[in-house]
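Let's take a walk through this structure together. We'll begin with a pocket and then step back to the whole chain.

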Amino acid sequence: MKEAFDAGALERGYAFLDDCPEQFLPDLITLPVGTLAERVRGLRAWRDALLDGRLPPDGTWPLPGIAAPARLAAEPLDILRFCKGQPELVDAFLRDVLASFTRQASVVRAEVVARLRELEQLERQRMEEEEAQAAKRERRAPKATQLDEVTLARLRQQAEREVAQRPVKADADLLAGWEERTRIWAAISDVFGDLGELMGRGWDLSIGVLRHMGWTDLVRLRELVEQLPQLTEVVRALGRLHASDAEETITETVFVPMRRLEEERREVWTRHVPAETRGIERSGELARMLPVEAVNLGHPKLRYLWHARRAERALLTYRVEGLEVERTLVERDSEEAVEQRSPRPRRGPIIAVMDTSGSMHGLPEQVGKALVLEALRTAHAEKRRCFLYAYSGPGQVLEFELSLTEGGLGRLLAFLGQSFGGGSDVSEVTARVVQRLGEKDWKRADVLFVSDGEWPVPVSLPHLIEQAREAGTRFHGVQIGNRGRTGLHAICDPVHVFHDWAAVGGW
């Protein structure tokens, strides 16, 4: 007796497609490399590995001879470090990798066919020579030679082995498509530590950054920071101003009453599950129709009877039954142990106040800009906000938030590209800083003043600073040049004095 048709077999046979990201499904279906199931498993392995910042292990689909050009291209591109945790970038790169597999598969097939023709020609020549020698010995006419299936299969395997052993070069198209992008990303990453939001905004923005007139200044300032480790130490000190004395998180376990919905299962025999044949019945189901009913279809008159019986659901069919699992939800009370942790105190944002008066022109200007750049790098690395005030004479205050976004980076490059000049009015910018400290998002900010201190202290200024200090704000100062006690000391505590001009002698 034949088994009943399993309607879900087809769906189960292609269930592995659920693991394939939808955007890659058209490419995988047409990809001429391996079976469809192998392609889906291989794609998942490649995507997971790239999101982890690495290549999949050797032996992962496809065959090494097809995957080698893409693997070799990934090394000089140095793209893996940028792929980590960037699904949009990984999907774009992986689509080009699949195209590389297709190209290499075509190349390998062509080389195998060409080598197979050569081997077949050599084999025919060898067989003809042997047949001619045998015919000469036996004094008969030579017989026609022909390659049998076993020989052809052996020659094909030999051709595939020889092609697989040939040296492979990196995929030129993959290199050409990604070389400039990765070069630009590497340059930006060397300055900012990582690319931040630039990664998800496409590489056109990255090209715009490198072509900006302030990019050269930014690169040189980064080199200056490397020569002046004391600048980095000053900015890092800002990050510890609001750190809690209790660095370890507090963990406690509490038992919480829970009410859960649990599933109970019960097996019930039903006719809706065609699993076992239990006899014969009358119905209109063609899938379960007895063979004897099909005889009437071949008779010119009885076929009308067959159609009538089918319409009346009177055909003789197998009666099938099976077990169906009934599921019911039951509420049960229980207790669950839950760990509660008190979070680490968040570090506050950074407010940088930059003196851009004429007395800061030249080397002090470069040191100040380097401090601003390092403040942005530190804030970005610690996921903190950073705000810049650049001031000079009365009414000349420039303010904007620094961030690795399209707008924030453009404003930073514009600031780094401008030259300093004008007077020095510290009262207005200080009032703006204190006002911003009163806002909710900036209450726990650390303030960094960068100036040469060559300005008098306004009468109202100490009172404003004292109000901010009472709220917990700390004011750090960097005095460019050793001029003794200046106006900066009336605002900031502590004041870091920079006088290492020998380190910036090349500027």
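The largest pocket in this predicted model has a volume of about 540 Å³. Its lining is made up of 26 residues, and if you want to find the middle of the pocket, look for G65, I66, V108, V112 and V163, which lie nearest its centre. What sort of residues line the largest pocket, by nonpolar, polar and charged? The lining divides into 16 nonpolar residues, seven charged ones and three polar ones.

Now zoom out to the whole protein. Its fold has 17 helices and nine strands. There are 507 residues in the protein, and 37% of them count as buried.

How does the chain come together? Take the contacts between residues at least 6 apart in sequence: 76% of them join residues at least 24 apart.

Finally, a word on cysteines. Searching the whole structure for disulfides turns up zero. C83 has a relative accessible area of 0%, so it counts as buried. C386 comes out at 1%, and because buried means under 20% relative accessible area, C386 is buried too.

How values were computed
Residues numbered from 1 in each chain as written. Predicted model: local features only at pLDDT ≥ 70, side-chain atom pairs only at ≥ 80, totals over all residues. Heavy atoms only, no water. Helix = DSSP H or I, 4+ residues; strand = E, 2+ residues; numbered from the N terminus. Buried < 20%, exposed > 50% of the residue type's maximum accessible area, 1.4 Å probe, protein only. Contact = heavy atoms within 4.5 Å. 1 Å grid on protein atoms, 1.4 Å probe; cavity = no way out; pocket = protein on both sides within 12 Å on 5 of 7 lines; lining within 4 Å. Points joined across faces, edges and corners; volume = space filled by probe spheres on them. Nonpolar A, V, L, I, M, F, W, Y, C, P; charged D, E, K, R; others polar. Disulfide = S-S within 2.5 Å.
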